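Student: Please pick a single part of this chain and take me through it closely. Then place it in the rest of the model.

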Amino acid sequence: MRYLHTMVRVKDLEASLHFYCELFGLTEIRRYENEKGRFTLVFLSAEKDLTRAREDMAPCLELTYNWDTEDYTGGRNFGHLAYEVDDIYAICQKLMDNGVTINRPPRDGHMAFVRSPDGISIEILQKGENLAPAEPWASMPNTGAW
């Protein structure tokens, strides 16, 4: 397993970039804009993590800017932790066997979401290529917010 990023939602991307980059000292290493989904993702890295972050895309802070205005309250601005795993089906099976609800099953062999006992959302991503769809994952419904 490898730690990837922590995602936080931001209301004003420019103000957030000023804070995180100009004042706090992080560096932007990648940006992804999705016109259809109406959001921008900006990945930032600390100075001593730059080489690794540029090569491996980790460890990073992901700023998520939703183009449509929204006020984030009650911790909604914190998004999720993300980890890359060697076998997404195996880790999801282990979690499920131990009573953890798989909120977003790995139907595509690539991504899943679970929650910690404290309600922290955790994104699990398959390392490398997606695994072939497999049961029971391929037909499992989403069971809640990610």
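Tutor: Exposed means over 50% relative accessible area, buried under 20%, and partly exposed in between, with a 1.4 Å probe and protein chains only. This is a predicted model, where local features need pLDDT of at least 70, side-chain atom pairs count only at pLDDT 80 or more, and totals for chains, interfaces and linings use all residues. Residues are numbered from 1 along each chain as its sequence is written, and side-chain values use heavy atoms, without hydrogens or water.

The arc is that of the directions from the helix axis to the C-beta atoms.

What lies over that side? Contact here means heavy atoms within 4.5 Å. The element names come from DSSP runs, numbered from the N terminus: helices are H or I with at least four residues, strands are E with at least two.

In α1 (residues 13–23), the buried residues are L13, S16, L17, Y20 and C21. Their arc is 100 degrees seen down the axis, so they line one face of the helix. They pack against β1 (2–10), β2 (27–34), β3 (39–45) and β4 (60–66). The face of α1 turned away from its buried side has E14, E22 and L23 exposed.

Step back to the whole chain. It has three helices and eight strands. Their order along the sequence is β-α-β-β-α-β-β-α-β-β-β. Of the contacts between residues at least 6 apart in sequence, 60% join residues at least 24 apart. Buried residues make up 40% of the 146 in the chain.

Next, overall size. The C-alpha trace spans about 45 × 35 × 30 Å along its principal axes.

Some backbone details deserve a check. Most residues other than glycine have a negative phi, and most peptide bonds are trans. M57 is not a glycine, yet has a positive phi of about 60 degrees. M57 lies in the loop between α2 and β4. At 24% relative accessibility, M57 is partly exposed. P59 lies in that loop too, between α2 (50–56) and β4. A cis peptide bond joins A58 and P59, with omega about 0 degrees.

R38 also has a positive phi, near 60 degrees, and is not a glycine. R38 is in the loop between β2 and β3. Its relative accessible area is 36%, so R38 counts as partly exposed. Another cis peptide bond joins E135 and P136, with omega about 5 degrees.
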